[in-house]
Amino acid sequence: MKFRQLETLYHQPLFELISKSRAVHLEHWRGEEVQRCSLLSIKTGGCSEDCAYCAQSSHYSTGLEREELLSTEQILSAAERARSQGATRFCMGAAWRGVRDGTEKFERVLETVREVSRLGMEVCVTLGQIGAVEARKLKAAGVTAYNHNLDTSPEFYPEIVSTHTFDDRLNTIAAVQQSGMSVCCGGIIGMGESIKDRLRLMELLSELDPQPDSVPINCLMAMPGTPLEDQPPVDIFELVRLIAVARISLPRARVRLAAGRTRVSREGQALCFFAGANSIFFGDKLLTAKNPAADVDLALLHELGLNVEQHGNDRPAGVVTAASA
Ligand code: SAM
Ligand code: SF4
């Protein structure tokens with residue numbers, strides 16, 4: 001969708017905007033269904049990149065301890081635990097600039113993916129930059145989706161990262177698309193960018209061909225020690241507006257209310273679900289940042305009368321309620 005259209009949508013009265021986004025949502029999704037994804041950091045800290053928001057960058061003193069790549073056994077047991085708690089998608093994140101075919105770490109990731117994909121959940125990985133060969137091998141090993149966020153507008157990106165470019169991000173996304181893996185791609189708000197930057201991001205995401213299947217909207221978790229440590233929380237109505245615009249411009253994508261939910265009230269989250277968010281990360285930790293406790297999330301979904309998605313890719317039309325999950 002073109003920038004001008006997005007801008008008009010975004011700036012209309014809030015209730016008109018969310019009425020529209022709700023209608024689009026109900027056309028493509030069950031309004032009451034929310035997917036729960038679990039995210040595990042399989043390789044933490046010590047990253048060569050200087051992303052200004054990230055506690056895992058080795059450029060900043062964030063107090064985060066660098067860890068080696070977890071073993072397949074460790075990852076598999078975390079995946080089993082997530083599954084037993086109701087996750088239908090398991091995401092594995094690594095603090096790498098990227099990964100190349102022929103390296104030991106890539107072989108280990110492929111082995112782990114083969115094991116995890118047997119559990120019947122959607123398998124998502126986020127490993128930084130990859131090319132066509134890596135994408136093909138990950139797909140063959142059982143990866144459903146590759147996450148690679150554009151994070152912000154191409155104009156604002158150089159203010160946030162200097163060690164790689166926006167075009168590098170686009171190249172990885174193109175390689176993922178060509179492999180047939182599904183693309184998970186979204187952004188972060190609250191880094192000091194303008195509304196225009198956020199809408200430019202939406203323009204780029206909605207003009208990807210095919211559009212991403214999954215669009216995480218992260219609110220900055222201001223991590224101590226990073227250049228963005230003092231950024232104030234995102235205004236709730238700005239978040240709701242952006243979710244509504246994402247729903248309208250990316251009607252078939254799962255819009256994921258991702259990082260930063262600890263700073264969003266229950267009422268705020270309810271509004272986000274109404275406006276079109278239909279997926280959350282759950283579990284106490286989001287890579288290295290805090291996330292609401294799983295039981296608190298379940299209680300909220302239950303109170304709102306929302307359902308959580310059932311296990312398996314071949315799930316029947318029915319869904320299970322949060323109370324019975
Ligand atoms: N290194 C890989 C990469 O950059 O694509 C994968 C891991 S990286 C931590 C995954 C995503 O987490 C980033 O693209 C960003 O959107 C999100 N993220 C990281 N730190 C964040 C923070 N402090 N607040 C909000 N989102 C964050
Ligand atoms: Fe490294 Fe990814 Fe963090 Fe950037 S966002 S510093 S690439 S882990």
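Leaving aside its neighbours within four places in sequence, which residues is Leu205 in contact with? They are Leu150, Cys185, Gly186, Gln211, Pro212, Val215 and Leu250, where contact means heavy atoms within 4.5 Å. The model is a predicted one, in which local features need pLDDT of at least 70 and side-chain atom pairs count only at pLDDT 80 or more, while totals for chains, interfaces and linings use all residues. Residues are numbered from 1 along each chain as its sequence is written, chains are lettered from A and ligands numbered from 1 in the order in which they are written, and side-chain values use heavy atoms, with hydrogens and water left out.

Leu205 belongs to the largest nonpolar core, which has 91 residues, and is listed with Phe90, Met92, Leu127, Leu138, Met202 and Leu239 as touching the most other members. Such a core is a set of buried Ala, Val, Leu, Ile, Met, Phe, Trp, Tyr and Cys residues joined through side-chain atoms within 4.5 Å, and buried means under 20% relative accessible area, with exposed over 50% and partly exposed in between (1.4 Å probe, protein chains only). Helix H9 (residues 236–249) supplies the largest share of this core, eight residues; helices (H or I, at least four residues) are DSSP runs, numbered from the N terminus. Apart from this core lies another, of seven residues, including Leu39, Cys91, Ala145 and Ala258.

Helix H9 also holds Ser249, which counts as buried because its relative accessibility is 5%. The side chain of Ser249 reaches the backbone oxygen of Val245 at 2.8 Å, and, neighbours within four places in sequence aside, Ser249 is in contact with Met1, Leu6, Ser206 and Gln211.

Turning to the ligands, 18 residues surround ligand 1, and the closest are Tyr53, Asn149, Asp151, Arg169 and Met221; a residue is near a molecule if one of its heavy atoms lies within 4 Å of it. By class, this shell has 10 nonpolar, six polar and two charged residues, with Ala, Val, Leu, Ile, Met, Phe, Trp, Tyr, Cys and Pro counted as nonpolar, Asp, Glu, Lys and Arg as charged, and the others, Gly among them, as polar. A nitrogen atom of ligand 1 lies 3.0 Å from a backbone N or O atom of Tyr53, and an oxygen atom of ligand 1 is 3.0 Å from an N or O atom in the side chain of Arg169. The protein covers 89% of the 550 Å² of accessible area that ligand 1 has on its own, by the Shrake-Rupley method with a 1.4 Å probe.

Around ligand 2 are Cys47, Glu49, Cys51, Tyr53, Cys54, Ser57, Ala95 and Trp96, a shell of six nonpolar, one polar and one charged residue.

Technical notes: A polar contact is a pair of N or O atoms within 3.5 Å; within protein, one must be able to donate a hydrogen and the other to accept it, and residues adjacent in sequence count only if both atoms are side-chain atoms. Helices (H or I, at least four residues) and strands (E, at least two) are DSSP runs, numbered from the N terminus.
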